[in-house]
Amino acid sequence: MQRKLNSRLSNKLFFAVMGTAMLLGLLLSVVQIMLDARTARKALEQSTQEILAMMREPATQAAFNLDRIMAQQVVEGLFQNQAVFYAAISIPGEPPLASAFRDKQRIRYRSLMNSIFGQDLSYSLELKGYSPTDNTSIVLYGNLEVSIDPSNAALDFLERSQNLFISGLLQAIFFGSVLYLIFQGLIARPMTTLLGSLEDIDPMRPSQSKLDAPLGHEDDELGAWVHKINDLFKAIEKYNSKRRVAEAHVERLSNYDMLTELPNRNMLLRRIESSIQDANNQNDMFAVLYCALDDFKSVNLLHSYHAGDKLLLMMADRFRSELDPAQTVARVGGDVFAIVLPGLISHYQAADVAQRILDNVRRPFRLDNNTIKVSATIGITMYPHDAATAEQLLKNAENVMQLAKSEGGNRYQFYVANVDQKIRAAKVLEKQLATAVDDGQLELVFQPQVNLLTGEVRGAEALVRWHHPERGLVPPNEFIPLAERTGAIVAIGEWVLQTSCQYLRKWHGLGITHLTISVNVSPVQLHQSDIVNSVRAALEASAVPPHYLVLELTETAVMDNVDSAIRLLKQIKALGVQLAIDDFGTGYSSLSYLKKMPMDEIKIDRTFVQDMLEDPDNGTIVDAIIQLGHSLNLSVIAEGTETLDQIRYLQECECDMAQGYYYSQPLSEAAFIALLQEQRGQIRNATQRAAQSAQTLLNK
Ligand code: C2E
Ligand code: MG
Ligand code: MG
């Protein structure tokens, strides 16, 4: 752009200046040539007059005396001049006394020259003198006629004209160039520099970079122009910043609530829309909480609208303090707030936040020496389950809030009824679980683990049971995930660990000294508690040799953040306990990491064992896991074995141990001891039987 402009201006300057100079040069040359022509013509006439004047006397003598010889001499004398091509002395009424003629010169541009000098110049001079008879009167003796050819003068003129023309043109070019350079220096170059500086200017903040007047132009019009432009920039920026302030104000008006400065409904809907996109991309969910204050009208009536406003402001602050920056709280009505909770993986998280908000709202407000208590009701919708659009999510949350309010309010409610029931029940359970350990509601059951080669019970897996005061026995699959979510698993896990070790000591005391006990360790325990010290404390309190304690960890527990897990496992291992990977095959164990971990045992997940005989793929997997375990020097135990055929197959594959209903359901401690003592032989026999049939099969 800059170069294009620059070249255009220079070109224009060049053509304008050169054109004008050439035109002027041409005009001047023509005027000079015309003046020269006039001068040349005059000079020719003058020289002719001079010749004639010179010849007047002898010509008059010749005419008076009728002297032909003298007349001839006069004519020849005239012909000495190259320009004369005809000369004659004539006597009136008689033939010429003497005459001569010669051809004119051949020259170029004859017709042009003729137009300037005339075709030829003819002069006739009367030859007069005193009458011989009467000495007083003057009489005409004859005429002297001369014709001049202007060719020579024209040739000189032509040459001079050429020189004049060429020098005129050269002068014009010289002056034109000088002028062009001056203009270029005075106008085009400063303009180019200015254009360059202008291009560096940020249009949004023009006054931040000042335009400098080109060197030497500080005090002329260009300098004044630059000064004006700088003023203009300042004015533009001032206008821009005013406009920005105004726009920001308009933006705030249309997107934010004026009282609390929280986002308004418009903004909230946009945030929900962007949460929808995020949830779709990340394959997770989010919640919309529609939170209305219960009976806010009475605050306005009992106190004042001003107090009501103050309370809303304090409320907004409480909401802000409760939420993190990724979460949005908006004011969508007089006493209604809405909250978006993105990036959730379960409904429980939404329930937790809702509960915290309700508790927070219920905390008394101090307002102008008054204590005001309010409560709120929250309707909760979840994306993607409850609606597909922002509007609908908000609408459904509002509807369920109304429903909850009609039932007394002061609570949260999920949009889908059974989700609501489930969450509510889970929340109740969660509360009760928190005290389950202290209330002595937990119990351990034991499931034997059998050596597949010898048929002996190697040990037992300790499995926790919760005796709920109202619901009876709650299965671990229901309460362990709950406990993991709330962190109660840490206390439960410690209890299991300590109790298991106590039992082990008891059994060893009974003389069953070879028994091991396997204890499940939750991933949460690994991350949240000081597991190394817990294990050490349990071992020390029970004084059992550490290698009789087997800690079962799931693949997922070990596989997220592998390096720190390896470090932790090494510390645990250093206590002398054994480590087993539980539910092996369900996670994404990487062999390279498995090699680095200080494991002793792999437990094949029961989903593979259950249908390994029907599903050849699972059969192959079980076989492969056993081979893999052995190649890594790990012993392999299959869980969930229910039939004799499964035991046989596992024996064929040289699996080390098995655990499952085929041998026994998880048993109470008493039953487990009884089984140990009573059925020890049976288990051995059953296993030996299986081993024999496996051998027979192999032989076949
Ligand atoms: P798990 O560690 O894989 O435990 C094995 C589960 O399989 C036990 O269920 C057991 O009763 C069941 N089982 C054993 N043999 C068979 C069989 O032949 N067929 C079938 N269908 N099932 C069999 P349980 O006791 O309900 O425990 C479930 C899960 O709860 C356990 O899986 C474990 O992950 C967790 N759990 C149990 N007790 C504790 C504990 O004290 N701490 C921790 N963190 N988790 C525990
Ligand atoms: Mg287990
Ligand atoms: Mg398992």
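Which residue just after H10 takes a positive phi? Gly-408 does, at about 115°. The views below come from a predicted model.

View 1. Helix H10 covers residues 390-406, 17 residues in all.

**View 2. Two aromatic pairs.** The structure holds 15 aromatic pairs. One joins Phe-14 and Phe-15, with ring centres 5.7 Å apart. Their planes meet at 75°, so this pair is edge-to-face. Phe-14 is partly exposed because its relative accessibility is 34%. Phe-15 has a relative accessible area of 59%, so Phe-15 is exposed. Phe-286 and Tyr-383 form a stacked pair, 5.3 Å centre to centre, with 20° between the planes. This pair links distant parts of the chain: Phe-286 lies in strand S5 and Tyr-383 in strand S10, 97 residues apart. Phe-286 is buried, at 1% relative accessibility. Tyr-383 is buried too, with a relative accessible area of 9%.

**View 3. An aromatic cluster.** Four residues form one aromatic cluster: Phe-446, Tyr-503, Trp-507 and Phe-672.

**View 4. Arginines over tyrosine rings.** Arg-252 lies over the face of Tyr-256, at 4.3 Å from the ring centre. Arg-424 places its charged end over the ring of Tyr-412, 5.4 Å from the centre.

Notes. Residues are numbered from 1 along each chain as its sequence is written. Chains are lettered from A and ligands numbered from 1 in the order in which they are written. This is a predicted model: local features need pLDDT of at least 70, side-chain atom pairs count only at pLDDT 80 or more; totals for chains, interfaces and linings use all residues. Side-chain values use heavy atoms; hydrogens and water are left out. Helices (H or I, at least four residues) and strands (E, at least two) are DSSP runs, numbered from the N terminus. The expected span of a helix is 1.5 Å times one less than its number of residues. Rings of Phe, Tyr and Trp (its six-membered ring) pair if their centres lie within 6.5 Å; planes under 30 degrees apart count as stacked, over 60 as edge-to-face and the rest as tilted. Buried means under 20% relative accessible area, exposed over 50%, partly exposed in between (1.4 Å probe, protein chains only). A charge sits over a ring if NZ of Lys or CZ of Arg is within 6 Å of the ring centre and within 35 degrees of the ring normal.
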